[in-house]
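Subject: Structure for you to look at

Hello,

Please read them with the coordinates open.

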Amino acid sequence: MVETAPLKPTADPTSGHTVSRYDRELAKLRGIILRMGEHVIEQTQAAVAALVDGDESQAFRVLDREPQIDYLSLDADEEVFRVIARRQPTAVDLRIVLALSKIAGDVERAGDKTARIARQALELRQMEKPAEPLTEAMREAFRRLDEKACCMFERGIEAVATFDVTQSLTIFEDEPALYAASHEARQQLGEQNPPDLIPRQTICLLTSAHALERIGNHAANIAEQVIYVALGQDIRYRNREILIETLRHRGY
Amino acid sequence: MSTTVEAMGQRVGAMSAAELSSRPDSRATVGDVTVANPRMVCREVDVWYGSKQAIKGVSLDIGKNEVVSMIGPSGCGKSTFLRCLNRMNDTIDGCRVEGSIQLDGQDIYDKGLDPVPLRAQVGMVFQKPNPFPKSIYENVAYGPRIHGLTNNKAELDALVEASLRKAGLWNEVKDRLDQPGTGLSGGQQQRLCIARTIAVSPEVILMDEPCSALDPIATAIVEELIDELRANYSIAIVTHSMQQAARVSQRTAYFHMGDLIEVGETNEIFTNPRHKLTEDYITGRFG
């Protein structure tokens, strides 16, 4: 009799190879991406602080540190090449390598968005007037959008750490709230626009709102790749509501 | 809306199969063992060596013009199963085969069936090239001659040339057909053995680790040949090389401790196997 196999994938699909070095190579690749993710979360918070509170030092810090994410992205690419060349991964290993490669791209682009927000924060206050371009309501709207985008991105990175389907679903479930927060920020900008806010400043704020929304989108892309690894199904471009409903129904 | 949900449910049904499944019944192979156009049909095949059961209720079709690879750890029964397909196990004392194996609808274990012509119809290429200690020409001509497949020397010459051409060896040996087959390189010897198998007009060619004794260049040539032979023959190949199985076959069967665990399209098996044992083996986690 063949022993009954477990119903679900093991907690860590990168482990358990007969060649333990293979485990270490996959763990190294994932570790690089987790580090990139941590940087992006810190960068997002700092960039939004620069935008909302006018803290220029935070903006400069974000711009200084942004290349670190790019360099880590190069390291991730190199590790992907090495693993493919040395191990010729198949099945779940192949999915892990392909998914981590795509996730690295998403995290790197999310890092670019944080730098974009930091540049907008600097430009916003380089204009002569008004002294304070954001009303209190606008600040609140940006903080809510930041909180939603950051929370989604953080959960995306956590999901990568364990290839967790349930965690990924919560990110999809948060997408409507992300779009609502983004819409609210833009609406505040339209309705409560200070009378002397010049068009360039309006563009800076719109660009920042869009960048934050995109960080949330990158989190959803990451969640798609996590599900691809865990379940072996490419769920991109599928109807989110039906996907969430069916996977929840299956106990995730 | 309900239709869409149903469609999604079906897709998720495929998804749940993609999860690493349990296998409550050890004889329930994951995947479809049948093909639309079968040449050999094996059903519930059991093989014993004395009291030890080596194959447990294996069912598998081998289709026309396809290459089926059989993979699995040492001792899993893949070579034993391959040898059942042309009754090579008949020569092993204490070996007992049960179940049904049909070639074009005929039971190959029928008591009235002579295994010698069967082994011409279902030829075998072995792990180590084993040319006869005869000339290159005689290595290929031997089978057609004893099976009476030609009427005269001219026909035999033509058959030898055609077989060597199909095996991709003609241009390399046409000027030295009278020299010993054992004088060829390892890769050439293996192609000579393939030519010898082809010469008796088989329907199915069985290959038991045909490239394990060859260098990468000779392996590539034999793999290219396997792909060409598929146009005219059905091929079942046992290999320990995952990459070779992925490269040469259209379907792959994974054996484990005498059970056929999973069978499916090679692309699926190597990207998204449905059984955990298959995944563990092909990803190098089998311990």
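Strands β3 (residues 67-71) and β9 (residues 251-256) of chain B are joined by four bridges and run parallel in this predicted model. In that pairing, Arg251(B) of β9(B) lies opposite Val68(B). β3(B) also pairs in the parallel sense with β8 (residues 234-238) of chain B, again over four bridges. There the bridge partner of Val68(B) is Ala236(B).

These strands belong to an open sheet of six in chain B, ordered β6-β7-β8-β3-β9-β10, and the pairing is mixed.

How many of the residues of β3(B) are buried? Five of its five are. In a regular strand the side chains alternate between the two faces of the sheet. In β3(B), Val67(B), Ser69(B) and Ile71(B) are on one side, with Val68(B) and Met70(B) on the other, and both faces are covered.

Now the helices. α4 (residues 136-146) and α5 (residues 153-166) of chain B have axes that come within 9 Å and cross at roughly 115°. The crossing of α4(B) with α5(B) is right-handed. From α4(B), the contact involves Tyr137(B), Val140(B), Ala141(B), Pro144(B) and Arg145(B). They meet Leu156(B), Leu159(B), Val160(B), Ser163(B) and Leu164(B) of α5(B). Of the residues in this contact, eight are nonpolar, one is polar and one is charged.

Regards

Note on methods. Residues numbered from 1 in each chain as written. Chains lettered and ligands numbered in written order. Predicted model: local features only at pLDDT ≥ 70, side-chain atom pairs only at ≥ 80, totals over all residues. Pairing = 2+ DSSP bridges. Helix = DSSP H or I, 4+ residues; strand = E, 2+ residues; numbered from the N terminus. Axes fitted to C-alpha atoms, helices over the stretch in contact; angles between N-to-C directions. Left-handed = near helix turned anticlockwise from the far one by under 90°. Contact = placed C-beta atoms within 7 Å. Nonpolar A, V, L, I, M, F, W, Y, C, P; charged D, E, K, R; others polar. Buried ≥ 20, exposed ≤ 12 C-beta atoms within 10 Å, placed from the backbone.
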